[in-house]
Amino acid sequence: MNILVTGSSGQVGSEIKYLIQNSKFKIQNFNYHFTTSKELDITKHQNVYKYSKANDIKVIINTAGYTAVDKAQEDKELANDINHLAVKNLSQISKRLDIKLIHISTDYVFDGKNFVPYTEDDETNPQSIYGQTKLDGENAFIDSGASGVIVRTSWVYSSYGNNFVKTMLRLGDEKEELGVISDQIGTPTYAKDLAIAILRILNDECLILNDKVEIYNFSNEGVASWYDFAKEIMYMAKIDCDIKPIETKDYPTPANRPHYSLLNKRKIKEKFGIMIPNWKDSLDECLKTIGER
Ligand SMILES: NC(=O)c1ccc[n+]([C@@H]2O[C@H](COP(=O)([O-])OP(=O)(O)OC[C@H]3O[C@@H](n4cnc5c(N)ncnc54)[C@H](OP(=O)(O)O)[C@@H]3O)[C@@H](O)[C@H]2O)c1
């Protein structure tokens with residue numbers, strides 16, 4: 001079976017690639033095509049169609065996305081091209097060529113006014129261009145008639161690429177004191193754990209048998225504010241930087257972010273038997289990996 005992984009130089013794409021190339025996750029008869037944006041631009045319908053047809057692709061794992069949340073407020077067209085219209089392309093191609101699509105979305109489709117973790121069925125109400133374009137991508141997939149899975153995730157970090165963990169490690173070395181937002185609550189997600197969950201879904205026969213789009217939530221277990229996350233990074237990395245809590249109103253950003261975006265993961269755990277690590281355990285693992293690389 002031929003599997004196309006788009007955006008393979010990003011955090012999640014890189015983790016999937018690493019797992020496949022270095023572990024027992026490689027299943028016989030599964031043949032992976034990892035493509036970067038240069039090799040396969042997902043906004044180019046004809047190119048993706050031709051590539052998928054020529055390589056007899058049966059599953060597309062779309063890890064590509066426009067992920068610069070603040071920049072998207074000004075870069076609306078490009079964010080829409082990648083997060084919405086390109087997903088529409090992939091969905092239409094999947095429908096036409098009978099391909100199953102696994103697509104990644106975000107907790108930022110919610111407005112953050114909940115006080116219990118969001119389920120897959122909760123009402124969406126994005127507060128930013130990024131969140132809106134991601135939701136438009138989800139809906140384009142659902143409306144296309146193609147089938148597969150949408151995995152909504154939150155606060156992704158990894159030893160690959162740029163992310164909050166790496167920024168904190170850098171700033172922690174440069175500064176003695178740092179203010180970090182304490183009134184946005186969610187859960188960090190180690191991209192490696194998300195990659196394992198995606199491969200679990202890929203290996204489950206219900207992906208192939210299902211003829212609609214199922215949404216699943218995935219993040220690590222536990223709860224944190226960005227302040228808690230930063231404190232833990234400094235503590236685990238033994239960096240002597242004093243992390244101070246600050247409020248969102250004292251650190252205005254172009255994009256509004258939900259104050260609360262915990263995801264209820266019952267559905268993915270029950271359906272695929274996935275055991276999800278606590279965010280602190282995964283952070284510890286990621287920091288060790290960053291240290292080794
Ligand atoms: N990062 C987070 O905190 C977070 C949170 C929730 C959900 N998500 C979602 O999770 C998914 C993966 O996120 P990530 O953190 O792994 O993202 P990432 O590290 O920013 O990587 C995104 C990848 O998409 C590629 N890409 C961009 N435009 C493309 C195009 N037109 N054609 C093909 N590839 C293109 C990029 O390639 P270039 O670098 O070459 O442009 C990059 O490799 C995304 O859908 C994102 O919305 C992320």
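The model is predicted, so local features need pLDDT of at least 70 and side-chain atom pairs count only at pLDDT 80 or more, while totals for chains, interfaces and linings use all residues. Residues are numbered from 1 along each chain as its sequence is written, and side-chain values use heavy atoms, with hydrogens and water left out. Helices (H or I, at least four residues) and strands (E, at least two) are DSSP runs, numbered from the N terminus.

**Ligand site**

- The shell around the ligand holds 23 residues, and Ser37, Asp41, Thr67, Tyr130 and Lys134 come nearest. A residue counts as near if one of its heavy atoms lies within 4 Å of the molecule.
- By class, nine residues of the shell are nonpolar, twelve are polar and two are charged. Ala, Val, Leu, Ile, Met, Phe, Trp, Tyr, Cys and Pro count as nonpolar, Asp, Glu, Lys and Arg as charged, and the others, Gly among them, as polar.
- At least two shell residues come from each of helix H1 (11-22), strand S4 (100-106) and helix H4 (129-144). Strand S4 gives the most, with three residues.
- A ligand nitrogen is 2.8 Å from an N or O atom in the side chain of aspartate 41. A polar contact is a pair of N or O atoms within 3.5 Å; within protein, one must be able to donate a hydrogen and the other to accept it, and residues adjacent in sequence count only if both atoms are side-chain atoms.
- Backbone atoms also take part: a ligand oxygen is 3.2 Å from a polar backbone atom of glycine 65, and a ligand oxygen is 2.9 Å from a polar backbone atom of valine 156.
- The protein covers 79% of the 900 Å² of accessible area that the ligand has on its own. Accessible areas come from the Shrake-Rupley method with a 1.4 Å probe; for residues, only the protein chains shown count as cover.

**Helix pairs**

- Two packed helices are described by the angle between their axes and the distance between the axes. Axes are lines fitted to C-alpha atoms, for helices over the stretch in contact, and angles run from 0 to 180 degrees between N-to-C directions.
- Helix H1 packs against helix H6 (residues 191-202) at about 65°, with the axes 8 Å apart. The contact (heavy atoms within 4.5 Å) involves residues including Val12, Ile16 and Leu19 of H1 and Leu194, Ala195 and Ile198 of H6. Its residues are ten nonpolar, one polar and two charged.
- Helix H5 (residues 164-174) and helix H10 (residues 279-292) cross at roughly 65°, and their axes come within 12 Å. Val165, Lys166 and Leu169 of H5 meet Leu283, Leu287 and Ile290 of H10. This contact has five nonpolar, no polar and one charged residues.
- Helix H2 (residues 45-54) and helix H3 (residues 76-97) cross at roughly 35°, and their axes come within 10 Å. Among the residues that meet are His45 and Tyr49 of H2 and Asn89 and Ile93 of H3. The contact divides into five nonpolar, four polar and two charged residues.

**Serine 144**

- Serine 144 lies in helix H4.
- Leaving out residues up to four places away in sequence, serine 144 touches Ser91, Gln92 and Lys95.
- The C-alpha atoms of serine 144 and asparagine 220 are separated by 30 Å, and the two residues are 76 residues apart along the chain.
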